[in-house]
Amino acid sequence: MNHKFLIILLAYCGLASMSRAQEMIIPLYPEGIPCANELEMEIVERYNGAGRLVRKVHQPEIQVFTPAPSIKNGSAVIICPGGGYTILAWDKEGVKIAEWFNSIGVTAFVLKYRLPHWESETCKDKVALSDAQRAIRLVRSRAREWNIASDRIGIMGFSAGGHLASTASTHFDEGDPNATLSVEKYSCRPDFSILMYPVISMDTTIYHRGSRVNLIGKNPEPEKELYFSNEKQVTPETPPTLLIHANDDRGVIPENSVQYYLALRRNKVPAAMHIFEKGGHGFGLAADRGAVAAWPQICAAWMKDRGLLNQHLRALIVDGQNNHKNWPETTPILKNHLESTGLFSVDVATTPAAGMSLEGFNPPFSEYDVVISNYNGASWPETTQKSFERYIQNGGGFVVVHAADNAFPEWRAYNKMIGLGGWNGRTEKDGPYVYLDDEGKKVVDESPGKGGHHGKRHQFIVETRQPEHPIMKGFPTKWLHTNDELYDLMRGPAENMEILASAYSSPEQNGTGRHEPMVMSIHYGLGRVLHTTLGHFNESMLCVGFATLFKRAAEWAATGEVTQAFPSDFPTQDEVLIIGEEE
Ligand code: ZN
């Protein structure tokens with residue numbers, strides 16, 4: 001990197017032109033920079049496609065690039081430009097890449113890390129890694145603000161920036177829960193890595209000489225050489241990685257990627273590697289360089305396969321009171337189900353305990369794509385009820401599970417949302433009984449009597465009634481559900497309600513002899529509601545049938561569509577299947 005640069009700007013006063021409203025510069029260490037230097041940053045520009053080059057970094061920071069809201073998904077990448085630990089190829093391996101990520105819906109952060117070449121002997125091997133780790137913690141700590149999934153924060157690096165990215169991928173911690181600074185409480189483990197013609201090793205048989213000298217000096221201690229030879233630092237916890245290199249790269253030979261790939265493979269870390277015949281070193285987006293120009297599509301396809309381009313949905317589970325004392329166990333089961341889809345980040349709003357005032361319990365429903373109720377307790381304050389009604393009226397999603405349909409007998413709008421309810425004084429005043437006859441026709445029965453009942457707890461067959469509904473697509477016509485309560489005699493307004501699945505409530509089990517609704521979809525205003533009466537025991541919720549139904553229901557309630565693949569292993573009519581008990 002000994003070219004002569006035209007120095008356009010010497011004094012640094014903020015990199016961003018702020019030409020786009022959403023661009024932002026965020027300093028990494030507002031509390032004071034560790035190993036601070038006295039440098040004055042320089043920016044030079046080359047007119048051969050490289051654009052701006054940054055050197056003598058004094059103030060490490062990230063520049064935020066946000067995709068258009070319509071295509072934004074929940075993933076983020078922190079980009080480390082390359083430049084032999086002497087400069088940063090800010091545009092070619094930073095801004096241009098960030099803009100490309102924005103085009104596929106990914107939020108990008110270009111990292112302006114300190115460059116070991118300009119640093120003191122005591123700091124040179126510390127600053128870049130420190131900056132990368134802080135950047136990851138910072139993005140994770142503010143994930144919510146940027147609507148990023150906190151488990152979809154990756155790191156990408158080019159050349160020496162690839163060394164930094166692979167160093168951050170092999171040297172990380174889960175954060176310090178006792179830290180006084182809140183950002184330090186967050187994990188700095190990247191969730192995935194994308195390494196572009198990376199320097200990996202300090203081993204002199206394959207190393208990039210300049211990067212090694214800049215980082216650890218001409219005659220490093222063997223421990224430092226080992227520490228920064230990242231192919232020797234891979235563990236099973238190293239994040240899934242994509243490696244891109246060119247066979248004719250003479251700056252950083254492809255053996256760097258190959259050795260890292262082999263280490264990932266030995267440690268059973270998901271890994272992909274693409275070596276192009278031509279491309280040389282430092283190809284950036286490589287738009288005009290032949291086959292290597294395909295790498296962005298390969299990167300996007302890899303991310304898609306890993307679920308990293310999925311839409312990011314926000315779910316809120318409400319709990320805190322329930323006559324089902326296992327609610328502190330069932331909420332985590334529901335949360336796990338949602339998180340296992342890779343689509344949701346999940347918050348839980350827990351009310352004060354029974355008997356305490358609920359004044360002040362008012363979750364920000366409108367910030368969520370779907371709300372799940374695992375709540376059967378005292379009435380919410382009127383302002384909370386009104387806010388929830390507005391949320392659903394305006395198109396919010398709602399999933400009601402099992403005893404949550406016992407709740408709020410006096411709240412009219414709630415009963416309209418859930419279609420049918422039971423217990424807590426429900427009678428003919430609350431609406432008809434609704435069930436199916438032997439031909440599958442809906443029966444609306446106005447006869448008087450109390451609402452809500454179940455027979456003995458037992459395994460029973462659930463029958464799909466609307467196989468074309470997005471939630472039910474893929475479900476067999478009949479499947480055996482595990483031990484549960486089969487709710488019957490449910491009654492309610494049942495407006496705009498469709499029965500998606502039912503179960504026969506057998507008199508032998510002290511049931512009604514009717515086909516009772518098990519899964520109902522309801523439209524309330526613009527909102528979508530899915531109500532299932534299943535889910536009494538922990539085990540009932542761990543049934544693969546319930547889990548599948550619930551995960552699909554939450555996505556449908558949130559978006560109107562279901563993108564999840566139907567599980568290949570599913571209960572049959574004769575055999576239940578419980579999560580964790582599969583063979
Ligand atoms: Zn129950």
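A: Cys80 counts as buried, at 0% relative accessibility; buried means under 20% relative accessible area, exposed over 50%, and partly exposed in between (1.4 Å probe, protein chains only). The model is predicted, and local features need pLDDT of at least 70, side-chain atom pairs count only at pLDDT 80 or more, and totals for chains, interfaces and linings use all residues. Residues are numbered from 1 along each chain as its sequence is written, and side-chain values use heavy atoms, with hydrogens and water left out.

The closest cysteine sulfur to that of Cys80 belongs to Cys188, at 13 Å, which is too far for a bond. Cys299 is also buried, with a relative accessible area of 0%. Its closest cysteine sulfur is that of Cys80, 14 Å away and again too far for a bond.

The structure does hold 1 disulfide, a term that stands for a pair of cysteine sulfur atoms within 2.5 Å. Cys35 and Cys123 form this disulfide, with sulfur atoms 2.0 Å apart. Cys35 lies in the loop between β2 (24-27) and β3 (42-46), and Cys123 in the loop between β8 (107-112) and α2 (127-141), so the pair ties together parts that are 88 residues apart in sequence. Helices (H or I, at least four residues) and strands (E, at least two) are DSSP runs, numbered from the N terminus. The torsion about the S-S bond of Cys35 and Cys123 is about -85 degrees, so the disulfide is left-handed. Cys35 is partly exposed at 28% relative accessibility, whereas Cys123 is buried at 8%.

Next comes the sheet. Strand β6 (residues 76-80) pairs with β8 in the parallel sense, over 4 bridges; two strands pair if DSSP finds at least two bridges between them. Within this pairing, Ile78 stands opposite Phe109 in β8. Both strands belong to an open sheet of 8 strands with mixed pairing, in the order β2-β5-β8-β6-β9-β10-β11-β12. β2 and β12 (271-276) stand at the edges with a single partner strand each, so one side of each is left without a neighbour in the sheet. From one strand to the next the twist averages 20 degrees; axes are lines fitted to C-alpha atoms, for helices over the stretch in contact, and angles run from 0 to 180 degrees between N-to-C directions.

In α4 (residues 160-170), 11 of the 11 residues are buried, so the helix is largely enclosed by the rest of the structure. Among these buried residues are His163, Leu164 and Thr167.

Not counting residues up to four places away in sequence, Thr351 touches Asp319, Gly320, Gln321, Leu358, Phe361, Tyr375 and Trp380, contact meaning heavy atoms within 4.5 Å. Phe361, Tyr375 and Trp380 are among the members of one aromatic cluster, which also includes Phe365, Phe388, Tyr391, Phe398, Phe408, Trp411 and Tyr414.

The structure holds 32 aromatic pairs. Rings of Phe, Tyr and Trp (its six-membered ring) pair if their centres lie within 6.5 Å; planes under 30 degrees apart count as stacked, over 60 as edge-to-face and the rest as tilted. Trp479 and Phe570 form an edge-to-face pair, 5.6 Å centre to centre with 70 degrees between the planes. Trp479 lies in strand β21 (residues 478-484) and Phe570 in the segment after α13 (544-559), so the pair ties together parts that are 91 residues apart in sequence.

Two arginines have their charged ends over tyrosine rings: Arg314 over Tyr368, 4.7 Å from the ring centre, and Arg491 over Tyr433, 3.9 Å from the ring centre. A charge sits over a ring if NZ of Lys or CZ of Arg is within 6 Å of the ring centre and within 35 degrees of the ring normal.

Last, Pro467 lies in the loop between β20 (458-464) and β21. It is partly exposed, with a relative accessible area of 45%. Pro467 touches Met472 and Lys473, not counting residues up to four places away in sequence. Pro467 and Ala501 are 34 residues apart in sequence and 8.9 Å apart in space, C-alpha to C-alpha.
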